Amino acid sequence: MNLRELRDFICESPKGQVLDSLICVELGLEEYEIFWQAHQDMNPELSFEDTVVQFLIDVHDYIGFAGDDIEKVVAAAHE
């Protein structure tokens, strides 16, 4: 699964679109792609959905948002 397919999957919902944009801004497209590829390489036994969940958890930790900051950003985008 390449980065485009991951981003299409994440962007199926409006909240996912905001999250995808946030990741693009914080990581940049090149690092986003490298990070996604590394997750696939490290977890070949996981399903696509489980890999995505682990990827998003790790992105959250890597970006360094405290607490519910990502949830607040996503919620604010819909106000």
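Modeller: What follows is a short walk through this model, which is predicted.

Colleague: Start with the overall layout. How many helices and strands does the protein chain have?

Modeller: The chain has five helices and zero strands. Along the sequence the pattern reads α-α-α-α-α.

Colleague: What share of the residues is buried?

Modeller: Of the 79 residues, 32% count as buried. The chain exposes about 5000 Å², and carbon and sulfur atoms supply 54% of that area.

Colleague: Which residues of H3 are buried?

Modeller: Tyr 32, Phe 35, Trp 36, His 39 and Gln 40. Viewed down the axis of H3, these buried residues fall within an arc of 135°, so they line one face of the helix.

Colleague: Why would residues spaced like that point the same way?

Modeller: An α-helix has 3.6 residues a turn, so residues three or four places apart point the same way.

Colleague: And which residues are exposed on the other side of H3?

Modeller: Glu 30, Ile 34, Asp 41 and Met 42 are exposed there.

Colleague: Back to the buried residues of H3. What do they pack against?

Modeller: They pack against three helices: H1 (3-10), H2 (14-27) and H4 (48-63).

Colleague: What about Trp 36 and Phe 48, stacked or edge-to-face?

Modeller: Their ring centres are 6.1 Å apart and their planes are at 85°, so the pair is edge-to-face. This pair also links H3 with H4, with Trp 36 and Phe 48 being 12 residues apart. Trp 36 is buried, with a relative accessible area of 1%, whereas Phe 48 is partly exposed at 22%.

Colleague: Which residues do the ring pairs link into a cluster?

Modeller: Phe 9, Tyr 32, Phe 35, Trp 36, Phe 48, Phe 55 and Tyr 62.

Colleague: Change of topic: charges. How many salt bridges does the structure hold?

Modeller: Two. In one, the side chains of Asp 8 and Arg 4 meet at 3.1 Å, N to O. Asp 8 and Arg 4 are four residues apart in helix H1, so about one helical turn separates them. Asp 8 is partly exposed at 43% relative accessibility, and Arg 4 is partly exposed at 46%.

Colleague: And how far apart are Arg 7 and Asp 20, N to O?

Modeller: Their side chains meet in a salt bridge at 2.7 Å. Arg 7 is in helix H1 and Asp 20 in helix H2, 13 residues apart. Arg 7 is buried at 15% relative accessible area, and Asp 20 is buried at 3%.

Colleague: Last one, Cys 11. Where is it found?

Modeller: Cys 11 sits in the loop between H1 and H2. Cys 11 is partly exposed, at 22% relative accessibility. Leaving out residues up to four places away in sequence, Cys 11 touches Gly 16, Gln 17 and Asp 20.

Technical notes:
Residues are numbered from 1 along each chain as its sequence is written. This is a predicted model: local features need pLDDT of at least 70, side-chain atom pairs count only at pLDDT 80 or more; totals for chains, interfaces and linings use all residues. Side-chain values use heavy atoms; hydrogens and water are left out. Buried means under 20% relative accessible area, exposed over 50%, partly exposed in between (1.4 Å probe, protein chains only). Helices (H or I, at least four residues) and strands (E, at least two) are DSSP runs, numbered from the N terminus. The arc is that of the directions from the helix axis to the C-beta atoms. Contact means heavy atoms within 4.5 Å. A salt bridge is a side-chain nitrogen of Lys or Arg within 4 Å of a carboxyl oxygen of Asp or Glu. Accessible areas come from the Shrake-Rupley method with a 1.4 Å probe; for residues, only the protein chains shown count as cover. Rings of Phe, Tyr and Trp (its six-membered ring) pair if their centres lie within 6.5 Å; planes under 30 degrees apart count as stacked, over 60 as edge-to-face and the rest as tilted.
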